[in-house]
Amino acid sequence: MSCALLLLLMSLALAMGTGAAVEIQRPRGVPLSSEQFYEENKPFTCLDGSSTIPFDRINDDYCDCRDGSDEPGTAACPNGSFHCTNAGFRPAFIPSSRINDGICDCCDTTDEYNSGATCQNTCREMGRKERESLQIMAEITKEGFMLKQQLIHEAKRGQEDKQGKLTELQGSKKGLEEKVEALRTVKETAEDPEKEAKERHLKSWEEQKELIRMEKDKTRMAEAFLELDDDADGYVSVAELQSHLELDPDSDGSLTETETQVRCLSSSSTLFLPLKADDEVSMPPYDTETQSLIDGAYSHLFYNLGLVPQSLICDPEFIWICRNLEKEIGFDFGPSAEFAYLYSQCYELSTSEYIYRLCPFNRVSQKPKFGGSETNLGLWGQWAGPEDSLYSVMKYDHGQGCWQGPNRSTTVKLTCGKETVVTSTSEPSRCEYLMEFTTPAVCQEPASLDEVLQGHTEL
Amino acid sequence: MVLARMGPLLVLWLAVFLSGTWAVDRGNFKTCDQCAFCKRQRALKPGQSLYRALLETLELTNTKLTLQLINDNNKVRLLLELYRLQGNMTRVKINELKPLKPRFEVPDVLINDPPTEPLSLLSQDENGVVLSLGADSQRLIVSAKPFRLDIMEGREVLLSLNSRGLLAFEHLRIRKDTQVDPEGAEKKEETDAANEPAEGETAKEDGMWEETFKSHTDNKPNGPSSISLDFSLPGVEHVYGIPEHADSLKLKTTDGGDPYRLFNLDVFQYELFNPMALYGAIPVMLSHSAQRTMGIFWLNAAETWVDISSNTAGKTVLGQMLDYVQGSSETPQTDVRWISESGIIDVFIMLGPTPTDVFSQYASLTGTQAFPPLSALAYHQCRWNYNDQEDVAAVDQGFDEHDIPYDFIWLDIEHTDGKRYFTWDPHKFPQPKDMLQGLIDKRRKMVAIVDPHIKVDSSYKIHNEIRSKGFYVKNKDGGDYEGWCWPGNSGYPDFTNPEMRAWWASMFAYDQYEGSMENMYTWNDMNEPSVFNGPEVTMHKDALHGTWENRDLHNLYGLYVQMATAEGLIERSGGVERPFVLTRAFFAGSQRYGAVWTGDNTADWDHLKISIPMCLSLGLVGVSFCGADVGGFFKSPSTELLVRWYQTGAYQPFFRAHAHLDTPRREPWLFGPENTALIREAVRQRYALLPYWYQLFYHAHHSGQPVMRPLWVEYTQDTATFSVDDQFLLGRDLLVHPVTEEGAKGVTAYLPGKGEVWFDVHTFQKHNGAQNLYIPVTISSIPVFQRGGSIIPRKARVRRSSSCMEHDPYTLFVALSPKRFAQGELYIDDGHTFNFDKQKQFIHRRLSFANNALSSRNLAPGSQFITPSWIEKIVILGASKPSKATLKTPDGKESLLEFEFDASMSVLTLRKPGVNAGVDWTVVLQ
């Protein structure tokens, strides 16, 4: 049935070189690189070596080889693949199930040779379009890459500035800290006798207190049990516990069975009851010896403190500046800090319903255009690109929680561009956002344009 | 954001119905005790019936017997009509002799007035009459006092009616006290309502004139109207059917619990293994014993409850053995009781005696499964929601990139302009025709949702037309009934009105439904109907469809929606193309209009398991085109569960993946290359088997035989099969035992049939029948067996959609029986038009292997169809090695076929017979 053409005669005028026409004969669907295995009129051995068949069984529309290699030009083998030459564009392999399925897959139309489908050869057009877009891309890449160099340079300078400032600040801080430390030592020496006397006093008080408490607990337990054991059967049941709302840990007004279980388990043998404030008895005053030591130490301390510029060390602004500098220096701004310029910037994209806002290394958010509050779509997480291009994807997570779902998160895909812009946003899955973002910082060093184009017109 | 986007309506709905829990809120749905008529009826206990037949009123005509019954307590008379129907059925109708106003009789479900056969009177005395039912010495005995009916065969009682005296007919009456005491409903006066309390009763009767559930008050201007009847089935221990319930295949006894409920409801996150009502209702029960299969079809569309009890149910195996040894065993018996809120008693007793007979009998009453377009049997990719045209294009492309076939991509409610059906969101789907053309270019199709609730919005054409034509369901006060659903405030078209249905159908015309094209089909969801703020999330029972209350016909609404939609799809093609419409709500007869699915299930292993009995139960009562959401609708499946669900779904009739809006994306390629490959393989197995699926659906359409069958249907004597619902048969010839356990290392499949053999379809290993076979499994295993004695056609060239495979060649898998015999069929037509029916354009061939020869003969000489498909390969399982194989074609030519023989598995493969699939041929092995 359906005797497919055994051989496809291909006349290819190779564009490069001499321009002379070269005729190649090989079975339909076989790439040039495998032609050697299909020797005309000689028995064919399946490429996996599983069996050898007569040459006329190649492309006879029946699958003889387990690896599908005997039917490169028909749909007979479930695992076969068909090679389209696509002269003028880019050669491709397609699953052999797409041969004669009525759908044009190869731009050179060679996959639909017996299906009645009318396909147009679009290879040259596609090739042209691709070359055009590659050219544009190449230009963008080129300019982008230059911008990137600038960014790297600026980042390096910025980084040095910041490091310098931090070092300076840290240096002055260190000096102050040393001073304080010295004073502390003096102070502690003075305080030691006082501390010992205080501890002695405290210890004896603790012992005394423990005795009092044990006595009290005993009484309380007996009282509490009687109070809980509503039916006076000598046991406290779950139901009885549930009737005592003062035991309710989440204060929702009811004790669930779980709560009572937890409660019973956690206090196993003795019922835990919250100690009330009035149970506390205050500590007796220090004896005179201790008191005099305390007084002496304090006066000493007050004297020394006067010499310390406390105000500078504890200045919140000073701390804040230091912290931020440390944080910024600690960020991974890419191999050459080319992403540093994005720090503390924000970029917006307005859609029909929302304004999306990306603040790199900080957060992503969304605000309805026509009123309503802002929603946090994720906080800076980490670089999340694949191994070979880690810096092509940013991940922001732990955004606002979703109803019955995860916290919102956003994946930002970075592509090379001359400008830094958010180009699109979408929500492919509920509460998982996807943002496209162009920046020169991801532009790679361009290969020469000729190289790019050549790579795609090879046959 | 989530909530904000769904709109305030959903927030309200969520607040009311979810309360943040992950399970059905049972409190939203009535128990029998909370349902006044069920409670009244159930209070009536078995005993002597209050009804007496008035034999002097007996009339026997050529077509029926009529007889009056009287309730001696209240003197209300009923009229009994008995019919003997062609094909071994008996119809029993009971109505009030003189009802105050007509009682509802279900229209549009029976495909015709069932043809009768004459009844003949065998004997008559003052105790009753004996009638002959014709064949097989079957007799119908009418006993007068108390009234009961017994159907006998020889000396054996097959079935009795009212033998437990539970016939109860609440006659229509005039309300005595017109002043409603608001406290009245609360004061429960213990009156045996079902016993027809004497005249002079008051409105204070339990919920007779008014009933309140949660915040909803049901006004009952017609008062009590419920009916009840009991059936006894001696010798029966297994009953099945009455879907839809999320329960085992074999129905359980309901003593001490609620009866099975039949009332179409949108149940949020339904629970498994209980008798609660779900989206659809088919009031048909099958009984089976090793001796006989019978069916009871209770034709009533009102809310219905079914009680089942059994005299053996409570007994342990030991107890049953003791009975047997001591000879004291009473005959096992199952008693069934049907209770409906209104209408009349209209029962069809299908007397079998085989399952095949019962299927034919039921099909002769309500019709057969619609024969779907072939592509509808392929794989469907759905999600709430594919966001926009780009999303659709990307998913379509994803299938090609990962070389996974699919035929249909689905759009849920978000594709519309503000949930206005028949429209498109102008931003997300600005060019629907471009999108559909893109799918046509790939030979693929789309389904877009059209729900029956219509947004009340004066700028919406559909709403305006329905309103101006007066086509909406009315509330009790005569205004348009309105309720809340996805679009907010919505009207509900009265689909019971044939004019409304004709208008609705006309809305699917290409010039009416903008952006629709011939490769776009329809999905009817929410057609119970779902009313978010209605009682039990559905329509008020006192809403009016013309003169009838929703109470009378509630369970019919969904059927009518699908009927009108399917009609629309047929009409738009000028009657040429077969429609495809999926529905969630259904009733008896819905099989004629398309497919159903098991609604909003959950991504749990138990939900995967329950998909088998749920679809088996539907198949038994006519609905073969059934499936469950692959992956589970709510929640997110583990990768293992998703893979196992694909593997199971690939072998169930309706094969569609679907997911809730709030779940992460789960297209098949999102779980790593290994899992993509596993899912691809499951889908490819489905596509390869499409010729067999199509053939099974042709039979379902032709003769009403279910596609997916419980084992007992084919192994009627083998009691070991009677309760099996973790595996199933496709047709007679494939046995499927999907892996539905997490982390399974093996499954135990029961291979039925003493003296038969089964072949593993993957390894071709042969196993004996009548054994429990332990099958070790890996994550790639889908245990499927082909019956020795069968021939199954496949298409081995799986392509990106079923349309692409139309002209591809066939591979025949011939599994020999121990007697070296096999038989099968091949059915081919154009795959999508009615020409198979109207112009007899199809090929139907008998394939048989006997005496070492395999041949193809025409089964339908009157038909004609030309196919380019040919026979690519023949694989004979359980064969011995021949010396040669000769192909003989009708032109007298003989040619030798090459072959391979695998001695270890006894598999003979004939290489490339190459003969056209539509002609006669024979292959002789020597």
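Predicted model: local features only at pLDDT ≥ 70, side-chain atom pairs only at ≥ 80, totals over all residues.
Local features require pLDDT of at least 70 and side-chain atom pairs pLDDT 80 or more, whereas totals for chains, interfaces and linings use all residues; side-chain values use heavy atoms, without hydrogens and water. Residues are numbered from 1 along each chain as its sequence is written, with chains lettered from A and ligands numbered from 1 in the order in which they are written.

View 1. Glu341(B) is located in the loop between strand 20 (333-340) and strand 21 (345-350) of chain B; strands are DSSP runs of E with at least two residues, helices are runs of H or I with at least four, and both are numbered from the N terminus. Glu341(B) counts as buried because its relative accessibility is 4%, where buried means under 20% relative accessible area, exposed over 50% and partly exposed in between (1.4 Å probe, protein chains only). Not counting residues up to four places away in sequence, Glu341(B) touches residues including Phe37(B), Ser225(B), Ala302(B) and Lys541(B); contact denotes heavy atoms within 4.5 Å. The side chains of Glu341(B) and Lys541(B) are joined by a polar contact of 2.9 Å. A polar contact is a pair of N or O atoms within 3.5 Å; within protein, one must be able to donate a hydrogen and the other to accept it, and residues adjacent in sequence count only if both atoms are side-chain atoms.

**View 2. Salt bridges around Arg551(B).** A salt bridge is a side-chain nitrogen of Lys or Arg within 4 Å of a carboxyl oxygen of Asp or Glu. Asp218(B) and Arg551(B) form one at 2.8 Å, N to O. Asp218(B) belongs to strand 13 (residues 216-219) and Arg551(B) to helix 9 (residues 550-553) of chain B, so this pair ties together parts 333 residues apart in sequence. Both Asp218(B) and Arg551(B) are buried. Arg551(B) also pairs with Glu341(B), with the closest N and O atoms 3.0 Å apart. This second pair links helix 9 to the loop between strand 20 and strand 21 of chain B, and therefore ties together parts 210 residues apart in sequence. Salt bridges that share partners connect Asp218(B), Arg261(B), Glu303(B), Glu341(B), Glu536(B), Lys541(B), Glu549(B) and Arg551(B) in one network.

**View 3. The pair Arg164(B) and Asp335(B).** The side chains of Arg164(B) and Asp335(B) meet in a salt bridge at 4.0 Å, N to O. Arg164(B) lies in the loop between strand 10 (156-161) and strand 11 (168-169) of chain B, and Asp335(B) in strand 20 of chain B, so the pair ties together parts 171 residues apart in sequence. Both Arg164(B) and Asp335(B) are buried.

**View 4. The interface between chain B and chain A.** Chain B contributes 38 residues to the contact and chain A 32 residues. The buried area is about 3,200 Å², with 45% from carbon and sulfur atoms; this is the accessible area (1.4 Å probe) that two parts lose on being put together, summed over both. Between chain B and chain A there are 15 residue pairs in polar contact (both at pLDDT 80 or more) and 8 salt bridges. Asp101(A) forms a salt bridge with Arg800(B), the closest N and O atoms being 3.2 Å apart. Helix 1 (2-17), strand 48 (871-877) and strand 51 (907-911) of chain B each supply at least two residues of the side of chain B that touches chain A. Helix 1 of chain B provides the largest share of that side, 4 residues.
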